[in-house]
Every structure is written in C-alpha cells, then in structure tokens.
Amino acid sequence: MAMAHCYTCSISSNFFSNPKFHSNNSPPFPKLFTLSAIRLPQFRSNSLAVDSTTSYPLEKDDKKLLLQVNDLTAVIAESQQTILNGVNLTVYEGEVHAIMGKNGSGKSTLSKVLVGHPDYEVTGGTMTFKGQNLLEMDPEERSLSGIFMSFQSPVAIPGVSNADFLNMAYNARQRKLGLPELGPIEFFSHVYSKLDLVNMKMDFLNRNVNEGFSGGERKRNEILQLAVLGADLAILDEIDSGLDIDALQDVAKAVNGLLTSNNSVLMITHYQRLLEYIKPAYIHIMRYTTLSFEVP
Ligand SMILES: Nc1ncnc2c1ncn2[C@@H]1O[C@H](COP(=O)(O)OP(=O)(O)OP(=O)(O)O)[C@@H](O)[C@H]1O
C-alpha cells in the first residue's frame, strides 16, 4: 500500500558541493559556509556530486550505493514552472544526510519528487534507488521498494485506525518482499513492541490515524510507522517542527535506534538542535538559483 503524502511547495533550487567549511572550534557543531555541502566530522575533498556527469561507485568502504540523484530538474506539473534545477545527491547505506536551507528553497519539493508526487514532473536528470530507475516507478512501487517519507504536516485519515493502517501497509510490504503477512492479532503484538521506542501508549493504535493527535503526537506516529514498516531510506521532512525538547529527544532516540549499517536517513530541518541528536555525515544547503517566478 502506498503511503499517503502531505506536501508543501517550492522554487528553483540547487545543491552546491563545495566541501570546504570552517570549524569554529566550538563543538559540537561546525560553522557552515553558505551554499556548501560538507562531510562531517573530517575534512574531505568533495564527497558530493559537483557536476551532473559524476558517477559514483556502487560500493564505497563496503557500503552500497542507495540513492543517486544526478542533475535533477523538475517542473510544477500544472504550470510547467521550473522548480528544481540541477540537484545532485548521493547517499550510501548507513549514512545520515541533512538538508537545510531557507524557506521555499525547494527542500520539501525534492523529497516529494523523490517519492513521485504527481504535482511535479521530472524534466531532466536521473534518480536511481538501489540501482533501480525511480523515474520508471510509481509512488507505490517507490514506497514498497524501501523509501519512506514522513510528512511535514502528517495528515489525518478519519475512520481508519492506526493499527489497521499500519497492518495494511506492513502486509503490502511483506507481499512485495515475498514474506509472510501478519493477521490482526499477530500484527498487534508486532506493533506493540515498537510503542516504547516512541514513548506512545497502546491507545494510539486504536485511534484513527492522526485524528485529534497533537502536533508532537503526529510526529511520533510518523516514526512509529517507520519503525513498523522499516525502510532503506527514510526521508524525514521537518520531523522536529513543533516538538518540545522531550519529544524531540524521544523522536531522535527512536530514529537513532532504527539506524543500521544498511539503511539511511535524509532529514530536512531548519534547526541545528535536531542535528545535535541525530548526527549527519553530510549537510546539504539548498538554495535558489533563479528567481524566475511571477508574483501574482
Ligand atoms: N505544486 C506547486 N504549485 C505552486 N507552487 C509550488 C508548488 N510546489 C512548490 N511550489 C512553490 O515552492 C515554494 C516552497 O518550496 P518547498 O516547500 O519545497 O520549500 P522548502 O524549502 O521545503 O520550504 P520550508 O522550509 O518553508 O518548508 C513555494 O514558494 C511555492 O510557491
């Protein structure tokens, strides 16, 4: 079953790959040059794609290439306005990447394009996931192949309980993987074991998906979905927004607990505080490259 998506919006954007950054000698976090993509914690030369022709080895330090985006351009389907312009991004398994940048620079749009949101059309470049061409896969296939996206503003699904929703999504993934499905009772014990991870009570499972949930509860619920469904690449769009410090720590702890050497996280955030809890290997700064839109 495809995950529903909740979407925001964008302009033209680009990843810059200047690996230089300055340490301000004040741990825990380095000062960033604007428009740079950096690797932490060591200085490294140019570990991200600079030009569209760069291709990356299928394995690096024994890690498999998970996601490769090369020179990606996309337009808004309705208006044909360019919205992503030459985005490059390479993610190997076991890596945490963060995307930062100003409001409206296209961060959410990139994540939506990665999961195949119909509001956008890819007009150039390539996107591969585990060697498969994402452009040839519909959103459901992308989800089933192991891409999970958490919503910036998670949507409510009235009339569908959390437990049923998760059970359906879980079984769809199991079918895709040729693994046994779980009936409601077996599934309940499977999901029950995950509740502690996000500090949620059992009654959340019987409530309708996100209906009446507070902002923080919705975010925890997103991570519960990730914990139950599993993912090779989890795209977390502002998972920290609206969280108090306890909730932020819970969510970060849960995400860290789900990280293995085989999966990766791509997190979009405005705040350094999240990066203090979930340590990225790379930080990418999204920025406008053109201002070609008309103000109505
Ligand atoms: N489907 C769409 N129709 C019209 N405009 C769109 C659409 N999608 C994106 N945009 C434009 O893109 C801009 C927002 O981009 P996006 O949400 O990707 O940015 P962001 O970097 O994630 O922003 P924020 O940090 O505020 O979440 C908006 O200004 C919006 O006008």
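Which residues are buried in helix 6? The views below take up this point and others in a predicted model, in which local features need pLDDT of at least 70 and side-chain atom pairs count only at pLDDT 80 or more, while totals for chains, interfaces and linings use all residues. Residues are numbered from 1 along each chain as its sequence is written.

View 1. The buried residues are Lys-219, Arg-220, Asn-221, Glu-222, Ile-223, Leu-224, Gln-225, Leu-226, Ala-227, Val-228 and Leu-229, where buried denotes 20 or more other C-beta atoms, placed from the backbone, within 10 Å of the residue's own. They pack against several elements, including strand 9 (147-150), helix 3, helix 4 and helix 7 (245-258). Just after helix 6, Gly-230 takes a positive phi of about 75°.

**View 2. The crossing of helix 3 (residues 162-177) with helix 4 (residues 184-195).** The two axes, which are lines fitted to C-alpha atoms over the stretch in contact, come within 10 Å and cross at roughly 100°, and the helices are therefore roughly perpendicular to each other (65 to 115 degrees).

**View 3. Residues between helix 3 and helix 4.** Ala-163, Leu-166, Asn-167 and Tyr-170 in helix 3 meet Pro-184, Phe-187, Phe-188 and Val-191 in helix 4, a contact being a pair of C-beta atoms, placed from the backbone, within 7 Å. The residues of this contact divide into seven nonpolar, one polar and no charged.

**View 4. Confidence along the protein.** The mean pLDDT, the predictor's confidence in each residue from 0 to 100, is 76 for the protein, and 77% of its residues reach 70 or more.

Conventions:
Axes are lines fitted to C-alpha atoms, for helices over the stretch in contact, and angles run from 0 to 180 degrees between N-to-C directions. Helices (H or I, at least four residues) and strands (E, at least two) are DSSP runs, numbered from the N terminus. Angles under 35 degrees count as roughly parallel, over 145 as roughly antiparallel, 65 to 115 as roughly perpendicular and the rest as oblique. Two residues are in contact if their C-beta atoms, placed from the backbone, lie within 7 Å. Ala, Val, Leu, Ile, Met, Phe, Trp, Tyr, Cys and Pro count as nonpolar, Asp, Glu, Lys and Arg as charged, and the others, Gly among them, as polar. A residue is buried if 20 or more other C-beta atoms lie within 10 Å of its own, exposed if 12 or fewer, and partly exposed in between; C-beta atoms are placed from the backbone.
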